[in-house]
Amino acid sequence: MSENKCCCDRKKERTAEEHKALINRLNRIEGQIRGIKGMVEKDAYCTDIITQVAAATAALNSFNKELLSTHIKTCVAEDIKAGKEETIDDLLATLQKLMK
């Protein structure tokens, strides 16, 4: 197996509260996306759609910030304490993806 593990090989234990909060956020974002699709289907005015896309993008960015914060406080901190320095490279690669 290569050094680059598929994200499917790793798991993160989350509390029921964390899980519920993440799913709720994603459900709201999914609703926003369905709303945007409906606007396109109904031939809504371009800038109205763009405004809704910006709102959905902001919601996804907020989701990412929350998830990244939790990741750093838990997974990254625990791995560094356990001597798994490769976690820093993984975090840097993740940050680069977010900054595209």
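## About the model

Residues are numbered from 1 along each chain as its sequence is written. Because the model is predicted, local features need pLDDT of at least 70 and side-chain atom pairs pLDDT 80 or more, while totals for chains, interfaces and linings use all residues, and side-chain values use heavy atoms, without hydrogens or water.

## How H1 and H2 pack

Let's start with the pair of helices. Helix H1 covers residues 16-41 and helix H2 covers residues 46-81; helices here are DSSP runs (H or I) of at least four residues, numbered from the N terminus. Their axes come within 10 Å and cross at roughly 165°. That makes H1 roughly antiparallel to H2 (an angle over 145 degrees, on a scale from 0 to 180 between N-to-C directions).

The crossing is left-handed, meaning that the near helix is turned anticlockwise from the far one by less than a right angle. The residues of this contact divide into 15 nonpolar, 4 polar and 4 charged; Asp, Glu, Lys and Arg count as charged, and Gly is among the polar ones.

## A look along H2

H2 has a kink of about 40°, centred on His-71; the bend is the angle between axes fitted to the seven residues ending there and the seven starting there. Buried residues of H2 include Ile-49, Phe-63 and Val-76 (under 20% relative accessible area, 1.4 Å probe).

Asp-43 has a positive phi of about 60° although it is not a glycine. Most residues other than glycine have a negative phi. At 69% relative accessibility, Asp-43 counts as exposed (over 50%).

How values were computed
Helix = DSSP H or I, 4+ residues; strand = E, 2+ residues; numbered from the N terminus. Parallel < 35°, antiparallel > 145°, perpendicular 65-115°, else oblique.
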